[in-house]
Amino acid sequence: MNGLTAALVRSEEWIMVRRRIFRQLVESFLYEKILSEPVIGPHAEAEYTLRGETETGEKVAYTFWAVRKESFDRIRLSDKPIMRITSIDRAEADSIPRFLLEMAAHIPTSEAQLAQFMDELQQTHLKDTLSVRWRAGQPEPQVSDYDEWESALIEGHPYHPCYKSRVGFTLSDNEAYGPEFGPEFKLVWIAMKQDAAQISVSSSLDTYAEFIHNELGQELQAFKLILQEAISSADLKLSSNANDNADADADVEEKVSTDGAARVDEYVFVPVHPWQWERIISVACAEQLRTGEFIYLGQAGDTYRPQQSIRTLTNVSHRDKPYVKLPLNMVNTSSGRILAQHTIMNAARISDWLGRVVAEDTFLQDELGLIVLKEIAGVSYHHQELPNLLEHKIYGSLGAIWRESLHTSLIAGEEALPFNALCHLDQQGIPVIKPWINQYGLDRWARQLLNVAVVPLIHLLYVHGAALESHAQNMIIVLKQGWPSRIALKDFHDGIRYCPSIPHPIAYPDIEYPPANHQRVNRNSFVEKEDPSEVKDFMLDALFFINLTEVAFFLEKHFGLSEKQWWRMAAEVIFNYQERFPELQARFEQFDVFASEIEVEQLTRRRIHEGSGDCVHRVNNPLHVYRPVRQN
């Protein structure tokens, strides 16, 4: 792959990707006040300057064009290249590492943390260049299915500068398992002693064993034979070592074979991502494999393809079968992609609760047709039984969550897209939504999109006190002939927040709490909150701050719909809802989506932050200007 790297860094795609990373890096540095100057003004693009020093102490300036937008005061750089200016030269800034070094005195972090962040940006640069270069050499994909869209979208996070870092993946790994390359592969399966496994299943299922039987089909019997042989071989070796009478060997072998068959039921079957098996589990769990706590069964079963989130896989062999989410010990954007045990155990419990909420709410179920893709089964290695030193090596690294397939919920005439596909351009630079906007009209189509996207989530917030993390990867738009019809929501095991102090007629799920050592992995991921404003901001952060803001930018750039008009329409959608349900006035005030400010995560600061504090800041809410005036 060294030759590939050399080709990538000299390609035109390298320059395109560098410009994008630079834009997102400077935007987030200024927006999150990692760099306090310059202060970007509103209304119109203007030229601004960042000032730093070279390694030799010479003054250096980086100039760029930018504007502060109405959408949460987000900062947007223009498409003009960032320029680097010294006393003797003015040229396009062509090195992100050099930029960070020359601005290091103004970046509040240590050298070690800055070096790690620099590596994540370089990883993003290489891997996205590989993606863009590969796609440029492919014919225009003919995408007609939701599962195909999950692989067709190669853009990554529109705000985070480390949007494709995938730290832990080599370039070879990236091609083998990155969703944009459309790889298809079978899973590795292991058998795990039942007393070493933690299992959670939905109330809609009978047992985990029956679920796995449905998943594996005929492969299950082959696995049981492999398992039986492995058990028998291990027992025979032990018996032979303990027995010096050669005449008894035949009797021992027969007894061991019979016992091996009986002991197959002492194990449960667990899938492992092939990358995770090769790079992590086969090494970290060598002792478990030696003792027979785990038994390797092989790579078999249905064929899978990765979705945008990388660790969630689509069943290509049977599209109505569940998606499976598997841990990967790699880092992408702001998070490690493991699956903590408590989230696996909570997945089915939270999904059952949310599924019941929707099923018993006639507005959500009958009028809005909200689809909830429930997480129906989960299994995790019970690593908490290990000594701390050993547990640290395997924490969250072995387990699975199965999620219902979207296809079982769609009806005739419906098509579905990941929500971020609405901002997708084809290879000719034409928006995928253009034919629909031409057919229905910009204003009418945009209003319908907001209705479909916003109303179910504010209803869940106001009526049920629940906020969902409905960013673009967790929301699916369902259309009929290009007309937004309804949404599907997913990813609930750690993508929901609620306040137990707020009563609910359906008792909240009995969930497991994270262990103390989970805080070092991700200190911002637990479902229960004490303050209702945290719940409200959680929803606004995902749905409005990132998701709908990106749509606002896209519609303004490609169709001329102003941000002001977009947020006015969004406010009108909320007004219309509130007028329909005036009895919820107390909840409208408790979960005030028109507040002047909301709290959002500082995604870039998280990559350079050292210490225990949360990386959040308060930003202006574009809905506030439309706040209704209450009559006393």
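Which residue in β11 is the bridge partner of Leu-313? The views below come from a predicted model.

**View 1. Strands β10 and β11 are joined by bridges.** The partner of Leu-313 is Val-324 in β11. β10 covers residues 312–315, and β11 covers residues 323–325. The two strands run antiparallel, with 2 bridges between them.

**View 2. An open sheet is formed by 8 strands.** The order is β7-β15-β16-β11-β10-β9-β6-β8, and the pairing is antiparallel. β7 (197–201) and β8 (267–272) are the edge strands, each pairing on one side only. From one strand to the next, the twist averages 30 degrees.

**View 3. Helices α10 and α12 lie across strands of the sheet.** Helix α10 (residues 274–284) lies across β6 (185–193), β8 and β9 (294–306). It runs at about 55 degrees to β6. Helix α12 (residues 341–359) lies across β7, β15 (375–381) and β16 (399–403). Its direction is at about 160 degrees to β15.

**View 4. Helix α7 has a buried face.** Tyr-208, Phe-211, Ile-212, Glu-215 and Leu-216 are buried in this helix, which covers residues 208–216. Seen down the axis of α7, the buried residues fall within an arc of 120 degrees, so they line one face of the helix.

**View 5. Helices α16 and α18 cross.** The axes of α16 (residues 442–464) and α18 (residues 563–580) come within 9 Å. They cross at roughly 50 degrees. The two helices are therefore oblique to each other. The crossing is right-handed. Contact residues of α16 include Leu-449, Leu-450, Val-454, Ile-458 and Tyr-462. On α18, contact residues include Trp-566, Met-569, Val-573, Ile-574 and Tyr-577.

**View 6. The loop between α2 and β1 holds Lys-33 and Pro-38.** A cis peptide bond joins Glu-37 and Pro-38, with omega about 5 degrees. Lys-33 is not a glycine, yet has a positive phi of about 60 degrees. Its relative accessibility is 59%, so Lys-33 counts as exposed.

**View 7. Phe-72 has a positive phi.** The value is near 60 degrees, in a residue other than glycine. Phe-72 sits in the loop between β2 (59–68) and β3 (75–77). Is Phe-72 buried or exposed? Phe-72 is buried, with a relative accessible area of 1%.

Conventions
Residues are numbered from 1 along each chain as its sequence is written. This is a predicted model: local features need pLDDT of at least 70, side-chain atom pairs count only at pLDDT 80 or more; totals for chains, interfaces and linings use all residues. Side-chain values use heavy atoms; hydrogens and water are left out. Two strands pair if DSSP finds at least two bridges between them. Helices (H or I, at least four residues) and strands (E, at least two) are DSSP runs, numbered from the N terminus. Axes are lines fitted to C-alpha atoms, for helices over the stretch in contact, and angles run from 0 to 180 degrees between N-to-C directions. Contact means heavy atoms within 4.5 Å. Buried means under 20% relative accessible area, exposed over 50%, partly exposed in between (1.4 Å probe, protein chains only). The arc is that of the directions from the helix axis to the C-beta atoms. Angles under 35 degrees count as roughly parallel, over 145 as roughly antiparallel, 65 to 115 as roughly perpendicular and the rest as oblique. A crossing is left-handed if the near helix is turned anticlockwise from the far one by less than a right angle, and right-handed if clockwise.
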